[in-house]
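Hi,

Here is the structure I promised to pass on. Please have a look at it first, and then read my notes below.

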Amino acid sequence: MRRRVVVTGAGVVSPLGDSAAALHAALMVGRCALAPSDLVAGSALHAGAIAAFDPQRYLGDANFRPLDRTGQLATVAARLALDDAGLDAAAVGAREVGLVLGTTYGSVRTIAEFDRRGIEVGPLYVKPFDFANSVINAAAGQTAIWHQLRGPSSTVACGAASGVAALALAADMIASGRADVVLAGGVEELSFESLVSFARMGLLRGDGRAPEPFGREPAGFALAEGAALLVLESADHAAARRARALAEVVGHGSAFDPTQAADTTSLAQAVTDAVQLALGAAGRTPDEVRAISAAANGGRIDDAEARGLAAALGAHAVAVPVTAPKGMLGEALGAAGALQAAALLGAMAAGELPGVPAFAARADFALGGARAGSARVDLRLALLDGVALEGTCCALLLARGEGAPS
Amino acid sequence: MRRVAVTGIGVVSPVGTGRKRFWEALLAGTSGIAPVQSFDTSRFKVKLGAEVRDFDPAPWCRRLAPEGVGRASQMAIAAARLALADAGLDPGALEPRRTGVAMGTTSGEPLEVERFDDALLAGGAAAVDDRLAARYPCHRIPGQVAAELGLRGPNVMLPNACAAGNYAVAYARDAVASGRADVMLAGGADAFSRITYTGFARLGAIASDRCAPFDRERTGMVPGEGAGVLVLESVESARARGARIYAVVAGYGLSCDAHHMTASHPEGDGPARAMQQALRDAGLAPADVSYISAHGTGTPTNDRLETLAVKRAFGAVAERVPMSSVKSMLGHTMGAASALEAAVCCLAVADGRVPPTVNYEHPDPECDLDCVPNRARALEVRAAMNNAYAFGGANASVLFTSE
Amino acid sequence: MSGQPDDIRERVKRIIFNVTRIPVEKIGDHAHFREELGLDSLSLLEIGVDLDYEFKLGLDDLEQRLSELPDVDRVVDFVDHRLQERASA
């Protein structure tokens with residue numbers, strides 16, 4: 001018997017704010033997190049950096065030296081999520097709380113710096129702290145230690161789809177009875193290493209303007225950093241401790257494009273498959289979907305995502321409101337899906353959905369409900385979409401919780 | 001929920017490529033540990049590694065150009081093709097949307113980081129290319145396996161370091177059991193690198209002379225590389241097509257120490273909970289377990305704490321359960337380790353033999369369980385438990401049983 | 001490079017501060033690293049590497065040495081001794 005899975009809290013650390021409500025409010029007014037980055041000297045690249053991130057603000061006067069930036073972002077997001085869900089240290093200690101953390105790199109900066117130090121001063125002088133943080137699951141380990149999360153613990157890597165995949169895996173852990181409470185989401189840090197490499201791939205927008213999700217031309221995306229963790233819980237467990245259910249995870253699905261996004265039609269098919277599997281798992285029909293949070297980021301996957309979503313939603317595709325936060329937030333890779341989810345929680349609570357920045361309606365665009373402007377929307381069922389540049393597609397359906405205002 | 005069987009095994013390992021070579025080598029006590037060849041170790045005090053010698057990706061990468069694929073991915077592709085062949089499954093006959101890939105790793109493709117850094121230090125930012133974005137991300141590993149084989153089903157990388165392979169098998173088992181997929185390729189891969197070697201050397205973790213798990217004079221682990229992939233499908237499907245079933249994936253347990261980044265919990269708490277959870281999941285008692293494939297890295301601390309954890313989980317029964325460490329022969333193949341060790345468990349169940357812990361000479365009162373010293377043993381294995389413990393305190397135990 | 005014990009002591013404590021964020025004035029000369037300052041094995045190794053690099057001690061058995069130097073006083077003595085050894089070698 002599969003148990004129902006609800007969301008009882010969220011923690012966010014992002015360039016647009018450190019709560020689901022703040023993130024939603026920023027997106028509603030179209031605030032753009034992207035600014036010229038100084039990480040790659042002499043370049044005009046824009047990125048969504050979290051200015052003056054200070055873990056002490058959230059975690060008090062403690063020693064953060066053993067954690068790198070990725071570990072600090074994740075640890076802070078976990079604190080905020082646990083606080084939001086009303087789970088203090090004693091409550092966590094009394095349970096085996098799990099953790100599923102999405103990421104693309106862990107921290108590529110840390111492993112690269114560890115390596116460079118070895119080259120420059122020799123293998124005897126490399127930093128042990130850096131080695132511990134160079135494994136891709138380091139941030140999950142640090143977060144678990146800091147908050148005493150002793151339940152099932154996993155890192156998930158699926159590129160920009162990681163956050164959605166993490167939420168799906170955590171939901172399954174709870175639904176199957178393997179855990180009662182699991183923090184799930186993702187983290188990604190902005191670094192010289194990631195920024196210069198994506199720039200070299202020719203994927204980033206280079207003209208200083210904000211990315212345009214679902215734009216007429218895929219002019220490129222902008223990288224960003226952040227972390228978001230949602231507290232997933234069995235519905236019974238949440239009810240027993242009188243925690244409010246902000247949302248319910250009612251279904252999810254995933255698929256892969258074996259052309260690794262080289263063929264738009266093939267990628268679109270994977271998007272369609274993921275969404276249809278999610279709807280099937282949830283026992284819902286396309287016309288029940290009230291809103292879509294799209295993965296579109298201004299780059300190559302946008303067109304495939306639009307076509308894939310349209311094929312999955314059929315006749316309903318012309319009407320469903322669409323939001324695409326990466327136009328304002330940037331592409332936070334491993335954290336993206338979780339930030340999208342947190343933004344959806346904010347949207348559900350407020351009953352309104354941010355639009356798609358700079359979107360100009362056009363007759364041939366498959367998602368008829370896309371608008372530049374925001375709208376009042378009854379978000380009783382929302383589709384969260386994650387699409388990775390490398391071919392992974394994950395879709396997750398969130399129903400507004402009874403604990404949230406409608 | 002459907003019962004899930006392992007019907008194919010593919011390996012690229014320091015003791016050989018292919019299930020048959022691998023198993024025969026382990027039963028014979030063959031070691032893949034030797035002085036490191038792929039980079040200069042003159043600045044290190046330690047010299048040993050478990051590298052995969054003479055691996056040629058060309059026969060395995062038929063759709064993808066091998067030079068466009070990182071080493072860990074190449075080995076993963078090879079192991080995947082071997083596993084499917086071993087299962088008697090033609091890749092072209094698989095239903096693409098019903099076939100998925102779940103892999104684990106510790107570092108992904110660390111050679112790409114080395115390449116980036118070498119270029120950066122030599123020529124500055126102008127000298128670096130796109131490969132840290134295009135090739136390095138670790139989810140490329142399962143992605144490229146699926147790209148090579150044309151698979152459209154669930155695709156995930158679970159980079160849980162030294163326990164990653166077990167996580168991948170657990171994920172794949174759930175995918176098949178729940179009906180999300182009909183066939184899953186599950187395993188792990190990691191490539192040998194200067195970065196990884198430097199790190200473990202700096203921690204003082206690398207053995208000075210040989211890998212001797214549970215031996216009182218043991219001096220540490222030996223970094224290695226490789227890939228292991230299992231084919232998982234439902235028992236019904238396997239029977240329907242007359243496939244050989246090595247074992248059933250009966251259950252698994254996951255836990256986190258939440259204690260220390262590189263050292264285990266001092267009382268074996270997390271590992272014990274993972275074992276107990278696996279037993280509960282499989283509906284088995286400790287007395288039902290015939291064999292344990294240990295994490296058994298060979299470091300003084302791991303082997304002692306692992307022994308403690310097994311005693312905690314198994315109670316008095318612990319001293320009757322043979323527990324060997326193939327890391328004594330394979331070294332520590334990182335993300336591939338628990339996948340290769342899962343293969344060992346399946347083979348033990350199917351073959352009625354268990355591999356030894358080699359290099360065992362001096363009994364250690366703190367590691368006083370039956371480590372199957374030096375010689376393989378014939379044994380009816382009705383249930384085999386695969387234990388793996390990772391940096392960051394993530395623990396995973398998977399139980400394999402006879403059909 | 002000065003080999004005066006006071007200078008060494010100050011630099012040792014600064015390294016410990018960098019790794020642990022324990023204020024220098026709170027690092028007692030006899031405070032046991034593990035038992036009183038609560039430092040774990042990874043932190044001790046990080047401190048050890050920084051000490052080795054700072055003072056160019058040239059140790060090839062750092063982990064072993066660290067287990068024999070449980071507080072600031074003994075670290076300072078060891079470094080002082082080692083620097084003198086290397087200076088006269």
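A quick word on terms before we start: the domain bounds used here come from an automatic or database domain assignment. On that basis, chain A splits into domain 1, covering 5-240, and domain 2, covering 251-400. Please keep in mind that this is a predicted model.

Let me begin inside chain A. The C-alpha centres of domain 1 and domain 2 of chain A are 21 Å apart. Their contact draws on 60 residues from domain 1 of chain A and 55 residues from domain 2 of chain A. On the domain 1 side, the elements of chain A that each supply at least two residues include strand S1 (5-13), helix H1 (20-28), strand S6 (181-188) and strand S8 (226-234). Which element gives the most to that side? It is H8(A), with 8 residues. By class, the domain 1 side of this contact comprises 39 nonpolar, 15 polar and 6 charged residues.

Now to the contacts between chains. Between chain A and chain B, 59 residues of chain A are in contact with 58 residues of chain B. Among the elements giving two or more residues to the chain A side are helix H6 (128-134), helix H7 (138-147), strand S5 (153-156), helix H9 (192-200) and helix H11 (264-282) of chain A. H8 of chain A is also one of these elements, and H8(A) is the element named above for the side of domain 1 that touches domain 2. The most residues on the chain A side come from H5(A), which gives 8. That side divides into 32 nonpolar, 19 polar and 8 charged residues.

Chain C touches chain B as well, through 6 residues of chain C and 7 residues of chain B. Helix H2 (residues 41-55) of chain C gives the most to the chain C side, with 3 residues. In terms of class, the chain C side has 2 nonpolar, 1 polar and 3 charged residues.

One helix of chain A is worth a look on screen. Helix H3 (residues 69-84) of chain A has 16 residues and reaches 22 Å from its first C-alpha to its last, close to the 22 Å expected at 1.5 Å a residue. Is H3(A) mostly covered or mostly exposed? H3(A) is mostly covered, with 15 of its 16 residues buried. Just after H3(A) comes A:Gly86, whose phi is positive, at about 70°.

Definitions and conventions: Residues numbered from 1 in each chain as written. Chains lettered and ligands numbered in written order. Predicted model: local features only at pLDDT ≥ 70, side-chain atom pairs only at ≥ 80, totals over all residues. Contact = placed C-beta atoms within 7 Å. Helix = DSSP H or I, 4+ residues; strand = E, 2+ residues; numbered from the N terminus. Nonpolar A, V, L, I, M, F, W, Y, C, P; charged D, E, K, R; others polar. Expected span 1.5 Å × (residues − 1). Buried ≥ 20, exposed ≤ 12 C-beta atoms within 10 Å, placed from the backbone.
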